[in-house]
Amino acid sequence: MVEHGDSDDVNWNTDDDELAIDNFQFSPSPVHMSATSPNSIQNRISDETVASFVEMGFSTQMIARAIEETAGANMEPMMILETLFNYSASTEASSSKSKVINHFIAMGFPEEHVIKAMQEHGDEDVGEITNALLTYAEVDKLRESEDMNININDDDDDNLYSLSSDDEEDELNNSSNEDRILQALIKMGYLREDAAIAIERCGEDASMEEVVDFICAAQMARQFDEIYAEPDKKELMNNNKKRRTYTETPRKPNTDQLISLPKEMIGFGVPNHPGLMMHRPVPIPDIARGPPFFYYENVAMTPKGVWAKISSHLYDIVPEFVDSKHFCAAARKRGYIHNLPIQNRFQIQPPQHNTIQEAFPLTKRWWPSWDGRTKLNCLLTCIASSRLTEKIREALERYDGETPLDVQKWVMYECKKWNLVWVGKNKLAPLDADEMEKLLGFPRDHTRGGGISTTDRYKSLGNSFQVDTVAYHLSVLKPLFPNGINVLSLFTGIGGGEVALHRLQIKMNVVVSVEISDANRNILRSFWEQTNQKGILREFKDVQKLDDNTIERLMDEYGGFDLVIGGSPCNNLAGGNRHHRVGLGGEHSSLFFDYCRILEAVRRKARHMRR
């Protein structure tokens, strides 16, 4: 079911999740070559390219030397960059200890702490040094907190779903490895959002060094993009940089953009996981008990306070946050508010393969040892360009032996950002629409044909439910409605909810579907016909035009609704849409209030029908 597809623009989906680090800020100044560079060479490489190399950390002297060595190679920036990487590798052995010290000092740790940690753990075990430095930082922070006698304000209405920065610092000693690394990165000066995204992409068991490397790889990827950008795009990038230089204030942690979510998003339980809950943490209020039942979904990572507000409009029911990685080989972090029972859930059969290589076995042959991914990140509404995958292939083919670490990091950044998979030697490709259908639990060719373009297929799939996850929650309805169910489906999209009910073998007597996209309505209609549904499919286009009188008339005609299901658009909520991430007041996300309005009309009419 496409809960977020009301916009015609191709946009990043959801998560957090599932997000690319695409807002690193740079303020480069023109860097001219030293006197050692011949004028003829200076005239053949732009100051922009030189400035990009300087921002990567290379000295102007090293850059001048690399340019001289590659002067006969048509001055290709990639060749110059490769030479610079070779210089770095050759000098590393002779200055390893000083480089380690400088590395940690540059990360923001005090020099005396770095020296102490290296004396205790040696200069080779970077992981132990990092852990020691984090411990020192926690001790210092605890002392500062004791000296300042910090008082925590517990009166924030959003505390159920979010923590302030003071809360986070106060709970640091009891926090997870992810939380400790996040706080350390913020203290070093990294943006909170960038750090959180990097931790999410690297995985919950990643070390501090791996997370920092990922952020650096993101910076390097941006530099690659700028070096190879088309001239008009380069000009736009430069103009954006100039605007940032003069208008932006220094970066500070932005506590208003994040919410605190469960470390493991298993909701009230997922299959084959020990954390199963038999009771909700807070009981459903009597006024919200079903039937009729309702089920609402949206992205987990939203601006601060959004989920608290959503909950307040849906009877103060506590959200159930679930990551679809427990059901398939792709992450998809979502929040669900519903009044369904949680006992006796069951998984649709057969369950999906749980790793990338199991889901797509042909990739195993080409998967390099340095790509440690077993899960894909959130599936997006758009895919990587062929220009990017070709650029990666060219970079990898420059090396006959082992791929340099810097190139590996850049490639892995792009793989995680775009969910690239290995399809040949040195060849990466984005998932095709059929593979996305498989991961999301839809039948093969569900979105294919009927005049829908490939671009629209990606958009519709990127916005849809993950069917296996939703079916697990809806499975409790099967014994409750042995003779079939009447469904009001809002923001239906490509029919994720309907597919889930079908795969659960729950008969759909009536489905009243409300979906604004013509292409998506065609997909649902095709599914309805091809699966030989015997019930009634009634379609409407716009939730805003589904007024109370129409709802009451439909309920009189069909005898009421047993389930109201849907998820309003996430266009103004998802982290990838950071320029329009305005919360529930946004043009698209405000449709949430139509969901609430319609749900209340259904429940009010149901009460009258029971009298």
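User: Which residues have the most contacts inside the largest nonpolar core?

Analyst: This is a predicted model, where local features need pLDDT of at least 70, side-chain atom pairs count only at pLDDT 80 or more, and totals for chains, interfaces and linings use all residues. Residues are numbered from 1 along each chain as its sequence is written, and side-chain values use heavy atoms, without hydrogens and water. A nonpolar core is a set of buried (under 20% relative accessible area, 1.4 Å probe, protein chains only) Ala, Val, Leu, Ile, Met, Phe, Trp, Tyr and Cys residues joined through side-chain atoms within 4.5 Å. The largest one has 68 residues, and those with the most contacts inside it are Y295, V411, L439, L474 and L477.

User: Which helix gives the largest share of this core?

Analyst: Helices are DSSP runs of H or I with at least four residues, numbered from the N terminus. The largest share, six residues, comes from residues 405–418, helix α16.

User: What does L477 touch?

Analyst: Contact means heavy atoms within 4.5 Å. Leaving out residues up to four places away in sequence, L477 touches F293, L340, I485, I506 and L563.

User: What is the strand order of the open sheet of seven strands?

Analyst: Strands are DSSP runs of E with at least two residues, and two of them pair if DSSP finds at least two bridges between them. The pairing in this sheet is mixed, and the order is β2-β3-β1-β9-β6-β7-β8.

User: Which strands are the edge strands?

Analyst: An edge strand here pairs on one side only. That applies to β2 (320–323) and β8 (536–540).

Terms used. Buried < 20%, exposed > 50% of the residue type's maximum accessible area, 1.4 Å probe, protein only.
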